[in-house]
Amino acid sequence: MRNSKGLRPEFGGEGVANDMEFQWSRVLERLKTEFDDGVFNSWFKPLALVNVDEGCAVMAAPTRFMRNWLQSNYAERIRLAWSKENPDVTEIDIIVLSGFRSADKGSLLDNDERDEVEAGEKPRKKAAPAKRQSSSAARPSPATRVVQNNAGSDFGAPLDPRFTFDSFVVGKSNELAYAAARRVAENTAVHFNPLFLHGGVGLGKTHLMHAIAWANQQMFPERRVVYLSAEQFMYQFISSIRFKDTMSFKQKFRSVDLLMIDDLQFIANKESTQEEFFHTFNALIDHHHQVVISADRSPTDLEGIEERIRSRLGWGLVADIHPTDYELRLGILQQKANTVPEVEIKTEVLEFLAKRISSNVRELEGALNRMIAHATLIGRPITMEMTQEVLQDLLRANDRRVTIDEIQRRVADYFNIRLSDLLSSRRARQVARPRQIAMYLAKALTSKSLPEIGRQFGGRDHTTVMHAVKRIDELRQTDSVLEEDILHLERIFST
Ligand code: ADP
Ligand code: MG
């Protein structure tokens, strides 16, 4: 960094560089009019002015990736903007300076985030968007199960000791994700970055991430491995703003060797958090530090996440965890049953459960745990009869429960359109009709209200849903092709 009388106070200089700052703000204004918002916010806004000296304006970008991109794509435009403001400037330079504060983040927060900053730690629940994933549902007594990981970090989440590679049962639906996870865990060299794991609720994403952390820590104890949910990332970011400590927030995240962020969908529509995530992500990838991300859907389907992030998420390896098949479910049950040798569980019972509880692994485990608890209490082996009785409610729910999410996926698949198009506001017939069909099925097959359905279809009004239901009802009478489609889809959901 050049050292001159014009140096910015923030970077250690003495003179108050009002002039320079003023010129810089004008340069930014110019660039803002020349580029659209997306480009401006992604590339120019994160820049900070360092110094203007001997005809050279020096700016800092937070990551090498951004610096390189700016150099190769926008250097000349930036130079021109400068020379119009200050004819003395004939040259520009962009350096990489990680961990600096590029702007007053407080003013960039969206409403949810601002609420959080103002309200303090407490009302976390209130601001959490409607999550389909109830993370507390089946985590049995975390206080006893979860121990602090030994990753030596004070900001990662604790790891569940049950979630290891040994206890993960591999089948067709998860073999790619498993192989990729092992590769990441057992190497320090980066083969694909990021590793992006996605799949529905309860299919083992969190399990795999914890397994990566455990294995990596064991093999390379000196590495800094950090696992946390996107929600925790957001709260830490927000609290760093509140305590005016964003610098150390940046530094600590950038010093990690392996960063894993779970349930990325949580930061949808949280603009500032996304921006911070983007910078952290770029910084780590620039330095060849491994990043692992999970979400409940693929990068392209992550509604509410900025395009620049979605596209970068797909640069490494994207591994999809599919719904389980019968064999995998049976394998998981057998493995869990083996961990309680004192309780006898008949094979036919395990087969029955694997067949009937197909929603997700978490529920499958819940069912088995309930059976084991029951058998232990009354001191009898687990039989078919007892299973039917104890699990009555669960079995019934599994018979008929279909989620809106599943309806949307299946309908999009069936009509061969993208899920994001189905949820978008596009009105083209080839997406609008399937969307109406999906709304119709959501009304018919779930107990959700019209407003609730509207919300899950990209925040639409309940009257839109009502209209769709009516329209499809009418069309079923007259349009035999559509009638066929609906019957076919209904069959899919009833099996
Ligand atoms: P997700 O994060 O995808 O919602 P989790 O990783 O929390 O799902 O998994 C839910 C439960 O199911 C956990 O208890 C996990 O151990 C178990 N589970 C999921 N997939 C497997 C598998 N392939 N083998 C063993 N257990 C599994
Ligand atoms: Mg999870």
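Which side-chain oxygen reaches to within 2.8 Å of the backbone nitrogen of Arg362 at the start of H15? In this predicted model, that oxygen belongs to Asn360. Such a pair is a polar contact (N or O atoms within 3.5 Å; within protein, one must be able to donate a hydrogen and the other to accept it, and residues adjacent in sequence count only if both atoms are side-chain atoms).

The model is predicted, so local features need pLDDT of at least 70 and side-chain atom pairs count only at pLDDT 80 or more, while totals for chains, interfaces and linings use all residues. Residues are numbered from 1 along each chain as its sequence is written, chains are lettered from A and ligands numbered from 1 in the order in which they are written, and side-chain values use heavy atoms, without hydrogens and water.

The chain holds 23 helices and 8 strands. These are DSSP runs numbered from the N terminus (helices: H or I, at least four residues; strands: E, at least two). Of its 495 residues, 52% are buried. Buried means under 20% relative accessible area, exposed over 50%, and partly exposed in between (1.4 Å probe, protein chains only).

Helix H15 covers residues 361–378. Its 18 residues should span 26 Å, and its end C-alpha atoms are 26 Å apart, which agrees. The expected span is 1.5 Å times one less than the number of residues. Buried residues of H15 include Leu364, Leu368, Met371 and Ala375. An α-helix has 3.6 residues a turn, so residues three or four places apart point the same way. Gly379 follows H15 and has a positive phi, near 65°.

Helix H13 (residues 326–338) packs against H15 at about 40°, with the axes 11 Å apart. Axes are lines fitted to C-alpha atoms, for helices over the stretch in contact, and angles run from 0 to 180 degrees between N-to-C directions. The two helices are therefore oblique to each other. Angles under 35 degrees count as roughly parallel, over 145 as roughly antiparallel, 65 to 115 as roughly perpendicular, and the rest as oblique. Arg329, Ile332, Leu333, Lys336 and Ala337 of H13 meet Val361, Leu364, Glu365 and Leu368 of H15. Contact means heavy atoms within 4.5 Å.

Helix H11 (residues 271–286) reaches 22 Å from its first C-alpha to its last. In H11, 15 of the 16 residues are buried, so the helix is largely enclosed by the rest of the structure. Just after H11, His288 has a positive phi of about 55°.

Val318 lies in strand S8 (residues 317–321). Val318 is partly exposed, at 31% relative accessible area.
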